[in-house]
Amino acid sequence: EFIKLSRIAEYQVIMVGVPAKLKGKLPEAIIAIERTNSQEELADYYSMADVLVNPTYNDTFPTVNLEALACGTPVVTYRTGGSPESITPETGIVVEKGDCNALYAAIMEIIAKGKDFYSAACRKRAEDLYNKDDRFQEYLDLYQHLLSDKCC
């Protein structure tokens, strides 16, 4: 999908997390950046992007979508696995798996509206639903409930 997009896109395609052996095999229109273990560097990439494109075919609940939202970046993704669950019309666009034309149209729609149109909703969704401290507390509460006399 990224190779197809790089042929028609009016904007720069940047891929992060590309293995070194694959970098030289990608078209020149794609800027390939190797994997980083730096959360700060990754957050910088997400924050610089106008849109995160995640054309996944089988992710169960892609963290990359959540990380982009946390950085205020809207997401375009395929309707596969858990991807649609993390996105709302205010935070991005979900298209049918394998539909590269719809993927491109969704990217262009987000770019036309501008990242600022989505950013606040992206951040709010990430803070409201994916705050690790809140989720940890929910797990602890569940375990306490399961261990209590009130359960099972």
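Colleague: How many salt bridges does the count come to here?

Modeller: Side chains of opposite charge can pair when their charged atoms come close. A salt bridge is taken as a side-chain nitrogen of Lys or Arg within 4 Å of a carboxyl oxygen of Asp or Glu, and by this rule the count is five. The model is predicted, so local features need pLDDT of at least 70 and side-chain atom pairs count only at pLDDT 80 or more, while totals for chains, interfaces and linings use all residues. Residues are numbered from 1 along each chain as its sequence is written, and side-chain values use heavy atoms, with hydrogens and water left out.

Colleague: Which residue does Lys 23 meet in a salt bridge?

Modeller: Its partner is Glu 34, at 3.7 Å from N to O. Lys 23 lies in helix α2 (residues 20-23) and Glu 34 in the loop between β2 (30-33) and α3 (39-48), so the pair ties together parts eleven residues apart in sequence. Helices (H or I, at least four residues) and strands (E, at least two) are DSSP runs, numbered from the N terminus.

Colleague: What is the relative accessibility of Lys 23?

Modeller: Buried means under 20% relative accessible area, exposed over 50%, and partly exposed in between (1.4 Å probe, protein chains only). Lys 23, at 33%, is partly exposed, and so is Glu 34, at 39%.

Colleague: Where do Glu 127 and Arg 123 sit?

Modeller: Both are in helix α7 (residues 115-129), four residues apart, which means about one helical turn separates them.
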